[in-house]
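This report walks through a two-chain model. Please look over the sequence and the structure before reading on.

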Amino acid sequence: MLQDYHAVLVFLITGVAMVCTPLILGLLFRPKNDYAEKTMPYECGEDPIGDAQIRFDMRFYTTALIFIIFEVEIAFMFPWAHVFNSAPDKLFALGAGLIFIFIVFLGLIVDWAKGDLDWVKTFDTNKRRVQD
Amino acid sequence: MNALVAFLSDLTGLEGVLPLSMAYAVCIGSLLGFITVYAMFAIWMERKVAAHMQVRYGPMETGGWHGWAQSVADALKLLFKEDIFPSQANKFLFAIAPAVVFCGVFAGFIVIPFAAGIQIASLNLGVFFLISIAAVEVIGVIMAGWASNSKYSLFGAVREAAQVVSYELPSATALIGPILIVGSFQLGDFNTYQANHGWLILHNPFMPVAALCFFISSLAGCKRAPFDLPEAESELVSGFHTEYSGMRFSFFFLEEYASMFVASVLMATLFFGGTTLPFNIGDIGNWATYAERAAAGEPSVISGIGDFLRTHLGIVVLLLKTFFFIFIQMWLRWTLPRLRVDQVMALGYKYLLPWGLVTVIGTACFEAFGWGWLPH
C-alpha cells in the first residue's frame, strides 16, 4: 500500500522538472533586455508608490481561520463516511454523525450571527471613531 | 502501475528497480504528453467556444483547418518570450511559484481512473488525496502574488487564497455523500459500484444537489468565471500573475486547464458513472471484470479483442463526459458576469456549505434506512 505513495513523490518532482525544462530550454532562444522601466512593478504606467509587501486586511485572516476550523471538522467526516455502510449498527453510526454535523452547523450559525461570514463586516462607525 | 511493472518484468526478464523505473518513465511520459496535448486542445476549444457564442469564428488561419495549430504556435511563441523578473521582486519565490502551482495538480493526475487498469497509482485515499493535493496550488499562488511585489498581484493572491480555501469546504462536503454510499476512497471503486448499481447522481434525491454543489465549488476552485476574481482583468489587470511573462506565465494557464480537467473527471467519476455508460450498456468500462482477471493472476489486460475493447472504451466514455463538463465550464464563462467579491464569499459560506452539509445528512439517512431511487 505505502509503495503506491512513492508515485506521489516521483510525480511531484517530475512536475517541478516539467516546469524547469522549458525554462532552461528557453534560455537558448529568449532575449534578455532588461531596463529599469521594464522591471518596474506594473501599475498602469504610473510610478508605483511604496512597497506592495504590506500588511494584509484582517478579513483574509478571519476567512482563513474559519476555513481551518471547518476543514478540520469536514476532514473528520471522511473516515465516518468511509465505514458508514459497513458499520454493524447503521443507526448508531447515523446518530453519531448527526450529532457531529449538528455541532458543525451550530458553529456555522454562530459565525453567521456574529457577521464573520460577511466579507465586509459592518461596524458602528461612530463608535469606532470615539475609540480611535 | 503495478500491472505495468509486472508486464515489463515479464517482457524483459528483469527484476527489482529497473522495471519499476521503466514503468515510471512510461507513466511520466504518457502523462506529460497527455497534459500537454489536452491543454493545447482545451485552449483552442475555449477560443472556438467563446467565438461561436459571440457569433464569430475565432482562430481560423493557423494550421489551415479551423486554426487547429493556434495553441502550438502560441506555445512556441511563449518559449521565445523574455523572462522578466521585476526589480523589486523576491527572486527565489518568484521563480519557484509556477513550479509549486503546477506540481500539485500534476501529482493529482496519478489517481485519475482513465479505464480499468489505466490508473498510475491506485491510492487507497484517492478522493481525499485529490482534494488535499489540489490545495497545494494556493500556496504557489500566494508565493507568486507576494513575491511579485506589485499591488495588483498581492490583491489577486489574497483574493484567490480567500476564495479557493472557502470553496474547498463545500466541494469536500459534497464529496462525502458519494463516499458514504460507495464506502471507499479509491476512484476505481466508484466505477465498479456505478456499473453494478447505476449512476450515483440518481442514487437518492440529495445526490443531484451534491453534484451541483460540487460543480459550482469546483468552478470557484479552478478560478473559472463567474468566479474569476483572482485574475479579474478589468480591475486587477491580471491578478496574481500580472508580473509574469513568457513560459512562467503559461504555466499558470496550464495549471488552470489541468485543474479544470481534474475537477471534471472527479465530477464524471463520482456522480456520472465514470467509465460506464447509462444502465451499464455493453458492460463497458466495468472495473470489476478487470479486477477479477487481475486476481486470477493474468498480468496483462489483453485477453480477447472483445474484453480489450470493453475495458478500454471506458477511456472514450470518460473523456466524453469530462469534455462535456469542460464545455459547460466554458459555456458559463461566456454567459455569466463576474460576481462581486462579497457575493462570492456569501455564496460559498452561506449557501453551498449548508447545502453540502444537508446532502451529507440526507444521504446518511437514506443509506441508514435503505431508501433511495436505485436498488442498493
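Read along the sequence, chain A runs α-α-α-α. Its secondary structure comes to 4 helices and 0 strands. Helices here are DSSP runs of H or I with at least four residues, strands are runs of E with at least two, and both are numbered from the N terminus.

The model is predicted: local features need pLDDT of at least 70, side-chain atom pairs count only at pLDDT 80 or more, and totals for chains, interfaces and linings use all residues. Residues are numbered from 1 along each chain as its sequence is written, while chains are lettered from A and ligands numbered from 1 in the order in which they are written.

**Helix 1 of chain A**

Buried residues make up 15% of the 132 residues in chain A. A residue is buried if 20 or more other C-beta atoms, placed from the backbone, lie within 10 Å of its own; with 12 or fewer it is exposed, and in between it is partly exposed.

Helix 1 of chain A covers residues 6–26. Its 21 residues reach 31 Å from first C-alpha to last, close to the 30 Å expected at 1.5 Å a residue. That expected span is 1.5 Å times one less than the number of residues.

Ala7(A), Phe11(A), Thr14(A), Gly15(A), Met18(A) and Val19(A) are buried in this helix. Seen down the axis, the buried residues of helix 1 of chain A fall within an arc of 135°, so they line one face. The arc is that of the directions from the helix axis to the C-beta atoms. The face turned away from the buried side carries exposed Leu9(A) and Ile24(A). What do the buried residues of helix 1 of chain A pack against? They pack against helix 2, helix 4 and helix 10 of chain B.

**Contacts between chains and domains**

Two residues are in contact if their C-beta atoms, placed from the backbone, lie within 7 Å. The contact between the chains takes 67 residues from chain B and 59 residues from chain A. Helix 7 of chain B gives the most to the chain B side, with 15 residues.

**The core**

A nonpolar core is a set of buried Ala, Val, Leu, Ile, Met, Phe, Trp, Tyr and Cys residues joined through C-beta atoms within 7 Å. Of the 131 residues in the largest one, Phe102(B), Leu130(B), Val262(B) and Met267(B) touch the most other members. Helix 7 of chain B gives the most to this core, with 19 residues. Both domains of chain B give residues to this core, so it lies between them.

In helix 5 of chain B (residues 126–134), 7 of the 9 residues are buried, so the helix is largely enclosed by the rest of the structure. Leu130(B) is one of the buried residues.

Terms used:
Domains from an automatic or database assignment.
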